[in-house]
Amino acid sequence: MKKICIVGASGKLGRYMIQHALNKGYEIVGVCREQSVHKLDDVKDKITLIPGYTNDRAVIKQAVKGCDGVLVVLAPWGVQQYSTGTAQAVLDYAEPEARLIFSCGWHITRDGKDVYKTGLKIFVAIFGFLAKLFRFADLDDQVEACKRIFASDTRWTVVRGSDLEEGESEGLPVWARHVGDPKLESNLTRRIDFALFMVAALEDENLVQEAPAIVSCRCESALNESGKGS
Ligand SMILES: NC(=O)c1ccc[n+]([C@@H]2O[C@H](COP(=O)([O-])OP(=O)(O)OC[C@H]3O[C@@H](n4cnc5c(N)ncnc54)[C@H](OP(=O)(O)O)[C@@H]3O)[C@@H](O)[C@H]2O)c1
């Protein structure tokens with residue numbers, strides 16, 4: 001892996017992914033909205049930046065050209081099918097053998113076999129309702145984006161993040177195929193480690209066409225379950 005693209009580079013997750021990718025020595029092309037370019041001033045000499053909306057097909061076509069991997073932040077913001085447009089453009093224009101890694105939350109399910117706690121179900125229902133009502137986000141758009149990714153025969157991975165917190169890295173998160181797995185019980189990951197998992201997935205063949213649900217490797221549930229296995 002030599003050259004990668006980060007779509008949504010100026011957000012919190014995107015900025016962490018830039019740092020991890022620079023540490024790995026990758027050449028980076030970043031895409032972010034024009035009004036957010038200034039957030040990347042500190043790395044502007046180390047990456048190639050293409051300003052533009054991430055659902056702008058011409059922008060994505062230019063950005064992913066020649067990239068061995070693409071890291072995509074799927075955000076549900078706005079009500080203009082932003083996630084779906086972003087995902088579809090990446091699926092359509094990325095190099096055929098490129099690794100495509102998308103971020104989302106636990107609420108996305110690939111096969112309906114995830115088991116959710118009532119609290120998360122209520123949160124998603126209320127957030128989804130209010131978001132649509134006040135037109136600041138559309139969770140259904142992230143769901144549709146992921147449906148299209150799951151149906152694609154590209155070399156995709158959809159990384160499903162737990163609740164997030166800031167802080168120093170605790171190491172590469174552990175993952176399970178389904179929410180409800182006891183190792184995920186603690187439901188907490190450092191955002192810096194979510195980014196670490198996204199970047200590591202670029203070179204992990206075991207994650208091709210998987211939708212790992214992740215959690216911190218240092219959280220109680222992960223430590224409990226690893227203890228049982230040893
Ligand atoms: N937050 C959580 O607790 C949580 C939990 C689990 C999973 N996740 C997943 O983690 C990923 C990153 O989430 P995050 O919360 O950490 O946010 P983030 O990394 O800051 O990313 C938000 C992204 O959305 C863009 N954005 C913000 N407002 C927008 C708008 N109105 N229209 C278009 N784009 C807009 C931002 O771009 P600008 O820099 O241009 O503003 C940025 O690229 C997402 O895939 C999310 O589903 C988050």
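**Notes on the predicted model**

1. The shell holds 23 residues. Gly-11, Leu-13, Ser-36, Ala-75 and Gly-161 come nearest to the ligand. Two elements, α1 (12–23) and β5 (99–105), each give two or more residues to this shell.

2. The largest nonpolar core counts 64 residues. Within it, Val-70, Val-72, Val-90 and Phe-102 touch the most other members. Helix α6 (residues 191–201) gives the most to this core, namely eight residues. In soluble globular proteins, nonpolar side chains tend to be buried together.

3. Look next at Val-90. Its neighbours within four places in sequence are left aside here. Val-90 is then in contact with Val-7, Ile-60, Val-64, Val-70, Val-72 and Leu-100.

4. Two backbone angles deserve a check. Most residues other than glycine have a negative phi. Arg-135 is not a glycine, yet its phi is positive, about 55°. Arg-135 sits in the loop between α4 (118–133) and α5 (139–150). Arg-135 counts as exposed because it has 10 C-beta neighbours inside 10 Å, and the cut-off for exposed is 12 or fewer.

5. Asn-187 also has a positive phi, near 50°. Asn-187 belongs to the loop between β8 (174–176) and β9 (189–190). With 17 other C-beta atoms within 10 Å, Asn-187 is partly exposed.

Methods. Residues numbered from 1 in each chain as written. Predicted model: local features only at pLDDT ≥ 70, side-chain atom pairs only at ≥ 80, totals over all residues. Core = buried A, V, L, I, M, F, W, Y, C linked by C-beta atoms within 7 Å. Buried ≥ 20, exposed ≤ 12 C-beta atoms within 10 Å, placed from the backbone. Helix = DSSP H or I, 4+ residues; strand = E, 2+ residues; numbered from the N terminus. Contact = placed C-beta atoms within 7 Å. Near = placed C-beta within 6 Å.
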